[in-house]
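Here is a friendly briefing to read alongside the structure. Have the viewer open and follow along by topic.

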Amino acid sequence: MVAHPEILLSKCAQFREQGEFIDVRLKVGEDEFVAHRIVLAANSDYFQAMFAHGMKESNQDVIELKHENISVTAMKIMMDSIYSGEINVNDENVLEVLIAADHLQVASVVEQCCKYLTQLRFDVQTYCRVIMVADQHSLKDLKEATERKMASMYKDICEKEEFLSDMNADVLTALLCRDDLSAPSENFVFKSVMQWIKYRKEERMNVAAQVIGAVRLGLVDIKDTIEELDTEEMQLIPEINLLLHRALIYSHSPSRSSAFALEKGKPRSMTTVLVAISPSCDICYFDVQSKSWKLLSSMEKLTNVFGCYSAELVCNYLYVTVKFRTWQYGICCYDIVHDIWSTLPPIPHSSYIQIDSLCHFEDHLYAIYESSAPYRYHIATNQWQSVASSKSLCNHSKIKFCNKAATVYKSYLYVLHGQGQILFCFDPKKNVWEQRASTKTPHFGSFSLLVVNNNLCVAGGHCSLKSSSSEPGDKAAIEVYNDQENVWSVVQQTHIPRNDLGALEIDRRVYFIINSFPVDSSITIPPGEVYPVILDEWENLKEIRKDAVLCYAPIKTGNLTTEN
């Protein structure tokens with residue numbers, strides 16, 4: 001059975017073809033197009049406003065569209081589409097039909113033209129024109145779809161002559177800013193940009209800072225950056241001089257350039273995931289969609305080690321404390337951008353002491369380990385240096401069965417020592433330690449210091465050394481620290497049911513303590529609700545090796561598999 005709207009549309013098309021009930025003519029140049037006001041108003045907001053609001057054209061039999069820069073060809077295609085519901089465009093005329101339809105606010109024709117364009121494989125010149133038309137006419141979906149398509153083809157298009165000759169500076173800049181730009185490396189991107197500038201150097205030096213500024217210089221080999229930007233003509237441009245200066249600082253001291261790292265050191269097409277690293281085993285990540293652990297085959301396993309104890313992410317480098325097969329302890333570093341492991345220099349006089357925790361603070365990586373005060377590693381100079389010792393800290397480090405956790409809070413390094421109960425605070429400017437208030441209860445086993453809503457908290461573990469995860473009733477209390485009054489207070493748990501996942505609630509947000517690492521579940525609890533939150537879907541989170549260390553790390557999206 002034919003739908004009623006289709007019958008109506010077919011009848012209107014028949015009336016138009018036979019010249020029946022015609023009440024308006026649209027004139028474009030010397031050509032006229034017969035139509036019905038009711039059909040035009042139903043399909044075009046432009047004509048609806050014209051006919052409904054008493055404009056002079058509302059009473060005219062012939063309406064001349066002489067100021068709209070609409071071609072006869074575009075008008076015919078648009079009118080046929082209005083009456084038939086179908087569109088007959090090709091690669092040569094689709095843009096002029098789109099422009100005409102957008103001006104006359106014929107939404108159905110605009111939508112069909114945009115759909116056609118997104119399926120079209122066109123050259124760089126046409127691509128630039130599509131982007132500019134989409135931008136001028138505020139067609140955000142068309143602009144996004146076209147940019148996304150060209151970003152996926154960047155490697156191919158930038159190796160063609162038309163990239164050098166036809167690519168527009170604004171369009172190129174928009175492409176370079178995208179996370180999904182497909183290129184073998186950022187060095188490749190940088191070199192393509194420099195080729196583009198040099199192709200027409202005289203005119204493109206005016207926009208050189210704009211396009212170079214869109215490159216992620218933190219990921220470019222600093223030698224290439226210096227070679228191209230440390231030239232007399234480039235240094236005459238203040239913005240480029242500043243970019244080079246920041247790139248040099250970042251290459252020397254990545255952790256100091258946090259703002260630059262976020263903008264220019266972020267790898268493209270990356271997704272931050274929870275990663276589990278075990279000694280000499282395949283590395284896994286937790287897929288939050290399926291709530292299950294999956295193999296991360298793109299990341300090399302950590303070989304020749306017996307144990308892993310903690311992990312810390314600094315910019316694009318992942319540091320893991322390990323025990324080597326030589327029975328010595330140390331730190332391995334994974335370069336996320338280049339997919340390679342390396343080993344840090346050993347900590348002086350501490351090769352046979354287990355490193356329990358790592359913490360990134362300003363330019364340093366702090367190693368918290370038993371039987372001694374911490375050491376810190378200067379990332380830029382690749383050297384270790386001792387931290388001021390504290391008699392009380394060292395004494396508590398010698399307590400048997402001690403646990404440790406560390407975090408940065410309000411520009412100080414906080415360490416929880418001695419059965420997870422004694423808090424120490426380190427001031428890096430004064431290079432001194434200070435003992436703070438002890439927690440209300442001990443914390444044995446897997447516990448963590450974490451900062452939630454600008455509050456320092458301790459969570460996880462058990463009150464007794466003999467407790468295990470099979471005894472949920474003996475779990476240590478969750479506590480929050482008040483640094484103004486130097487006191488701990490217990491956070492009452494009224495929302496989380498007893499479970500063996502180590503689930504807890506702080507400030508109405510649910511966390512899990514897995515292998516001493518806090519995992520944010522993104523579950524939030526509305527105010528006033530006191531009944532238990534259902535955690536069943538997170539059951540798989542505990543299905544990970546007990547010797548695995550966890551951390552969040554950026555991983556290339558294409559490397560996240562569906563393999564369990």
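The radius of gyration of the protein is 32 Å, whereas a compact globule of 564 residues would have one near 24 Å. Please keep in mind that this is a predicted model. Along the principal axes, the C-alpha atoms fill a box of roughly 100 × 65 × 45 Å.

**Overall make-up**

- The protein contains 19 helices and 26 strands.
- Of its 564 residues, 50% count as buried.
- The accessible surface is about 28000 Å², and carbon and sulfur atoms account for 48% of that.
- If you take the contacts between residues at least 6 apart in sequence, 54% of them join residues at least 24 apart.

**Helix H17**

- Helix H17 covers residues 238–252, which makes 15 residues.
- From its first C-alpha to its last, H17 reaches 21 Å, close to the 21 Å expected at 1.5 Å a residue.
- Which residues of H17 are buried? They are Ile240, Leu243, Leu244, Ala247 and Tyr250.
- These residues lie on the same side of H17, because they cover an arc of only 125° around the axis.
- As background, an α-helix has 3.6 residues a turn, so residues three or four places apart point the same way.

**Thr225 in helix H15**

- Thr225 sits in helix H15, which spans residues 222–229.
- With a relative accessibility of 0%, Thr225 counts as buried.
- Setting aside neighbours within four places in sequence, Thr225 is in contact with Phe190, Leu217, Val220, Asp230, Leu244 and Ala247.
- Leu244 and Ala247, two of those partners, are also among the buried residues of H17.

**Ser165 in helix H10**

- Helix H10 (residues 161–166) is where you will find Ser165.
- Is Ser165 buried or exposed? Its relative accessible area is 17%, so Ser165 is buried, the cut-off being under 20%.
- Not counting residues up to four places away in sequence, Ser165 touches Tyr199, Arg200 and Arg204.

**The E5–E6 hairpin**

- Strand E5 (residues 284–287) runs antiparallel to E6, and four bridges join the two.
- Together E5 and E6 form a hairpin with four residues between them.
- In the turn, Lys291 has a positive phi of about 55°.
- Across the pair, Phe286 stands opposite Trp293 in E6.
- In a regular strand, side chains alternate between the two faces of the sheet.
- In strand E6 (residues 292–295), Ser292 and Lys294 point one way while Trp293 and Leu295 point the other way.
- All four of these E6 residues are buried.

Methods. Residues are numbered from 1 along each chain as its sequence is written. This is a predicted model: local features need pLDDT of at least 70, side-chain atom pairs count only at pLDDT 80 or more; totals for chains, interfaces and linings use all residues. Side-chain values use heavy atoms; hydrogens and water are left out. The expected span of a helix is 1.5 Å times one less than its number of residues. Buried means under 20% relative accessible area, exposed over 50%, partly exposed in between (1.4 Å probe, protein chains only). The arc is that of the directions from the helix axis to the C-beta atoms. Contact means heavy atoms within 4.5 Å. The radius of gyration is taken over C-alpha atoms; the globule rule is 2.2 Å times the number of residues to the power 0.38. Accessible areas come from the Shrake-Rupley method with a 1.4 Å probe; for residues, only the protein chains shown count as cover. Two strands pair if DSSP finds at least two bridges between them.
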